[in-house]
Amino acid sequence: MQSTIEIVMGDITKIKCDAIVNAAKSSLTGGGGVDGAIHKAGGSTILDECKLIVAQSGECPTGEAVITSAGKLPAKYVIHTVGPVWEGGTQSEPEKLANCYRNSLFLAQEHGCTSIAFPNISAGVYGYPKKDAAKIAYHTVKQTLSQTPAIKKVVFVCFDEENYQLMLKESGK
Ligand code: AR6
């Protein structure tokens, strides 16, 4: 079966996929934006698991991903990945952002997930130019799906109209 990529507008905490992805910070201590929304809706077990991961393995480097349960959310897992802070494109931000999508897909597959939902990683507080972020998000996922045959459905969950339109454009729709 061919994998599908959906682009929707909405709140990722409401999405019923095996895994939803969080745009976290390296300390995995929660924050604003989608990170805040996920911890608020999911409850304290997610933060407890994040603290355990940091205690055992240290902070999560930019571009890497770790997995926890999803607490009270409809998803089974939350994959926490750390997007790059935009610094003008001089700090390998495109490669780091692509790694977020790749590593999240691989981690989801390792945990038996068949569906995964992504927010627009780095396109908020971290200041990544939205059009460039959308391009990397869509095309990295499309390319990586050939290496993650277990993943049958990817949903890009956009929180605002601008990101939604940019993602649709990248998808050719
Ligand atoms: N569902 C889907 N997308 C959302 C939601 C939601 N409930 N809420 C916000 N977004 P951001 P970043 C969108 O700032 O740029 C945190 O404080 C938002 O509109 O959440 O990677 C972390 O702790 C934007 O398009 O993440 C880090 O310190 C996208 O999610 C830092 O922010 C990402 O915006 C990470 O910054």
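The dialogue below walks through the ligand and its pocket in a predicted model.

Q: What should I know before reading the residue numbers and distances?

A: Residues are numbered from 1 along each chain as its sequence is written, and side-chain values use heavy atoms, with hydrogens and water left out. As this is a predicted model, local features need pLDDT of at least 70 and side-chain atom pairs count only at pLDDT 80 or more, while totals for chains, interfaces and linings use all residues.

Q: How many residues surround the ligand, and which are the closest?

A: A residue is near a molecule if one of its heavy atoms lies within 4 Å of it. Here 21 residues surround the ligand, and the closest are G32, V34, D35, S122 and V125.

Q: Which polar atom of D11 lies 2.9 Å from a nitrogen atom of the ligand, one of the side chain or one of the backbone?

A: A polar contact is a pair of N or O atoms within 3.5 Å. In D11 the polar atom that lies 2.9 Å from a ligand nitrogen belongs to the side chain, whereas for S122 a polar backbone atom is 2.8 Å from a ligand oxygen.

Q: Which pocket does the ligand take up?

A: On a 1 Å grid over the protein atoms alone, a pocket is an open set of points where a 1.4 Å probe fits, with protein on both sides within 12 Å along at least five of seven lines, and lining residues have an atom within 4 Å of a point. The ligand takes the space of the largest pocket, a molecule being placed there if more than half of its atoms lie within 2 Å of the grid points. This pocket is lined by 24 residues, with A23, G33, V34, G124 and V125 nearest its centre.

Q: Which helix gives the most to that lining?

A: Helices are DSSP runs (H or I, at least four residues), numbered from the N terminus. Helix α1 gives the most, with four residues.

Notes:
Polar contact = N/O pair within 3.5 Å; in protein donor to acceptor, adjacent residues only side chain to side chain. Helix = DSSP H or I, 4+ residues; strand = E, 2+ residues; numbered from the N terminus.
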